[in-house]
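Hi there,

Here is the structure I promised to pass on. My notes on what turned up follow below it.

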Amino acid sequence: MSEEFDSQEQELGLEAASVPLSSDDPQAFGRFVVDSVYRIMKVASIYSVDHNQTRQAMEAFMPAFRQSVAQVEGGAISLTIRGELCSVNGETLRLRRKEQERLNELHGIFKAATIRGIAFEEAMTIDDLVAFLSALNEAGRSGAGMEHVQVPNIVIQHGTPDQSIMEAIAQVNKAMYVAHVYIRALVKVRNMHEHVQQTQSPEVPTGVVRRILQTVSELLADDDFTILGLLPLRLVPPDVSSHSVNTAIYAMLLADRLGLGQQMTAYVGMAVIYQDIDRLVGISVGHRDRDPGLDSHRQFSANLRDVALMLDHVEGDVISTLRVLLTYERGCAFESEVGRPFYRAPRTLHLICRIIDLCRTYDLLIQGLQGYKTRRPDLAIQYVESRAGEVFDPHLTRLLVSTLGLFPIGSTVQLSSGESAVVIRTPSPAADPRRPVVRVLNRRDPMVIDLSDPRFEHIEIARSIDLDESAETNPSQVFLLT
């Protein structure tokens, strides 16, 4: 029977987690608590509470619990669920996808029993845990709640673990949720820039922006490119902060398409954010398409001078390493190996530098910043294509074009039928890049047309167009509501 359970346990993802016994890292500690509670409750739902397998799961949890709770101020470990968010001892957790799925199951168990949180006190025993699980299962079956339940050493927080507003919106219209994520990024980065400009110090909290970019990396990993359609819409007046957010997202897109993991993809985005923070305190940002270029020794001296200014504000983490690297290799050629005085042995310009160089220019073209004339997305694509092999890595340029399409999401176009439309989805890699999915800008018949569908082979894109945002049918509004 034990072997049968072990097999079922692995199939359900209940294998024992590694146990962090210190609460010094609140995120790792919180994930351990969520995983442990999930494991016990899941086993109890498969078997009865007094079953031997449930008992084994609790016995496996208790030693780690005792060692952990002894280090926690207040002598208790609390777990609270509110919608898609979870906090352990007041620390809101950043969960990976599988961990979020487990939390969703816990949310269902808590909701059935009408509780939103629990706290395990240091003196809790296995018998206390058994009594709590029995009452929890009974409350879930009867729907009577747990208001009447009193369990020694376990504090129950009553009430429904309500959905957050954004989770409810996401279930109705995911595009609105994605828009919220993007707009929140714009606001937070602009606030960061204002703080840096006032203090003239790059020391600024970035935790919220890191979590936002982690969410973006998950959207891109799921092939949800809705957010890409928001970038060319210029939802806020173009400036360094909006350019920073957009460049970060484009760079994350290429990192994801190259097969980098979600965590590394988010690191690439944060490297862009920090590069613009450094810009605000006097660290130059290379502009490969416009910089005249210095000889190697003068470029090395300028770069090294800026790196020295950064050293008091960086640590030994991945993002700091990328942050320094972007400054150290600034202005180096991509078409030939970088050698002395930068490196003893010649080496290729780092991939992340090449990605960010390309994405910065593409967004500058869209937003019309730093001396560029504002261009439509398709014309911006044509521009970077024309510079591929000269100032941009041709392989990355092809990847950008194949991912965004010849008519990127958000482009406004005129169809051969005479109607105006907005591109809402790019073609699949195997499809004709000239035939994306569009939504017709017609209030009476706002139909969606997949131009790669044989039924619409008689319709094609005649050209891209500029539309007045004050027109009766606003393409930005149409895209956001599609």
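Two strands count as paired if DSSP finds at least two bridges between them, and strands (E, at least two residues) and helices (H or I, at least four) are DSSP runs numbered from the N terminus. This is a predicted model, where local features need pLDDT of at least 70, side-chain atom pairs count only at pLDDT 80 or more, and totals for chains, interfaces and linings use all residues. Residues are numbered from 1 along each chain as its sequence is written, and side-chain values use heavy atoms, with hydrogens and water left out.

First, the sheet. Five strands make an open, antiparallel sheet in the order β3-β2-β1-β4-β5. Strands β3 (91-92) and β5 (154-158) are at the edges with a single partner each, so one side of each has no neighbour in the sheet. Five bridges join β4 (residues 115-121) to β5, and F120 has I154 in β5 as its bridge partner.

Now the charges. There are 15 salt bridges in the structure (a side-chain nitrogen of Lys or Arg within 4 Å of a carboxyl oxygen of Asp or Glu). One of them joins R360 to D276, with the closest N and O atoms 3.0 Å apart. R360 belongs to helix α14 (residues 351-367) and D276 to helix α11 (residues 262-280), so this pair ties together parts 84 residues apart in sequence. R360 is buried at 5% relative accessible area, and D276 is buried at 0% (buried is under 20%, exposed over 50%, partly exposed in between, with a 1.4 Å probe and protein chains only). E390 and R387 also meet in a salt bridge, where E390 is partly exposed at 47%.

Enjoy exploring!
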